[in-house]
Amino acid sequence: MRKYSRVSYEIRCQIDAFLQVKLSIPEIANMLGLHKSTIYREIKRNSIYGLYSPGTANKKSKDRYKQCRRKHKLTPEIQLKIENLLKNGWSPEQISGRLRIEFGDGPSHTTIYKFIYGKEKRRRGLKIYLRRFNKRGAGRYIQRRRFSKNGTSIHQRPKVANNRSRIGDWERDTMYTKNNVYVLVCTDRKSRFTKLSILRERNCKAVDKATNELLESTGRKSFTMTNDNGPDFKASKDLSVVTYFCDPMKPQQRGTVENTIGLLRQYIKRKTDIRTIKNLKYYEDKINNRPRKVLNYKTPYEVYYNKKVALVSWI
């Protein structure tokens, strides 16, 4: 039995050409290898005032196809899950992608945005959970820095690290908080798995020691580290992995950790007194168990440890 296929735009152009030369419907069907009923139905459904045009016919067909698709309905159960996941810091795209992974189906991110911006009073409070709602631009003051004479340039970093082909190639940076206290952020380039540490002292030796402890705590082998030319990293000699330095004023060369810090700012603000937090594991779990679009809506934890976790069912 022949497999069913829709009439394409090219076939519609051929039908129009054959009609112009006054061929009969059976003759057109025979020349195109289609059943004559297909041609009769195509002309009847897509003609306007008895005139057949391939462009108009193609548009009418696409419009009907969109209308016949099943529309997602946000049941009270799905709405509750969306609200809880938004409060956990997930974006509409992350929610949509993860629901489709775990349940095989789910509303699109556009539908979730429409739900958030709906007219019901109950939903209005959900806007504040969107990452960019009522926030200033993420501008930052760029300082010129000399390249470390003892550092290895990022241009010498191996291709396997550049291509994110393996687990264990890291980027690191420091994040400023209240009272001039810094948090060390280390992020794996491939999985986006992140480790955090509060820096009691901001010098090269203390930073390298904290970095080594974070890498060892993962239980997996690490290969490279990429960072900027800040004073915290310039004399990195005690690190257990090879260190590569980015070019001055090139934050895009360490975009993975920069983006991670942007996500962490949802939980750790510049005015947050980090000294009152005994353990950063809570914030690590928030980031590492949050689905990422770049990972096809898997979480960094799942990719780094090659494990599958049911997240939505927890809510």
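Start by selecting helix 11, residues 255–264: seven of its 10 residues are buried, so helix 11 is largely enclosed by the rest of the structure. Buried means under 20% relative accessible area, exposed over 50% and partly exposed in between, with a 1.4 Å probe and protein chains only. Helices (H or I, at least four residues) and strands (E, at least two) are DSSP runs, numbered from the N terminus.

The model is predicted: local features need pLDDT of at least 70, side-chain atom pairs count only at pLDDT 80 or more, and totals for chains, interfaces and linings use all residues. Residues are numbered from 1 along each chain as its sequence is written, and side-chain values use heavy atoms, with hydrogens and water left out.

Within helix 11, show the side chains of Thr-256, Val-257, Glu-258, Thr-260, Ile-261, Leu-263 and Leu-264, which are the buried residues. They pack against strand 2, strand 3, strand 4 and helix 12 (281–288); contact means heavy atoms within 4.5 Å.

Next, select the six strands of the open sheet, whose order is 1-6-5-2-3-4 with mixed pairing. Strand 1 (152–153) and strand 4 (194–199) stand at the edges with a single partner strand each, so one side of each is left without a neighbour in the sheet. Two strands pair if DSSP finds at least two bridges between them.

Is strand 3 mostly covered or mostly uncovered? Eight of its eight residues are buried, so the strand is mostly covered. Colour Val-181, Val-183, Val-185 and Thr-187 for one side, and Tyr-182, Leu-184, Cys-186 and Asp-188 for the other. In a regular strand the side chains alternate between the two faces of the sheet.

Glu-171 stands opposite Thr-187 of strand 3. The hairpin of strand 2 and strand 3 has three residues between the strands, and Asn-179 there takes a positive phi near 60 degrees.

Thr-187 stands opposite Thr-194, and the bridge partner of Cys-186 is Lys-195. In this second hairpin, with five residues between the strands, Arg-192 takes a positive phi near 65 degrees.

**Helices on the sheet**

Axes are lines fitted to C-alpha atoms, for helices over the stretch in contact, and angles run from 0 to 180 degrees between N-to-C directions.

In helix 10, pick Thr-211, which counts as buried at 0% relative accessibility. Leaving aside neighbours within four places in sequence, Thr-211 is in contact with Arg-172, Leu-184, Cys-186, Met-225 and Leu-239.

**Helices 2 and 3**

Finally, select helix 2 (residues 25–32) and helix 3 (residues 36–46), whose axes come within 8 Å and cross at roughly 115 degrees. That makes helix 2 roughly perpendicular to helix 3, a term for angles of 65 to 115 degrees, with under 35 counting as roughly parallel, over 145 as roughly antiparallel and the rest as oblique. Show Ile-25, Pro-26, Ile-28, Ala-29 and Leu-32 of helix 2, together with Lys-36, Ile-39, Tyr-40 and Ile-43 of helix 3, which make the contact.
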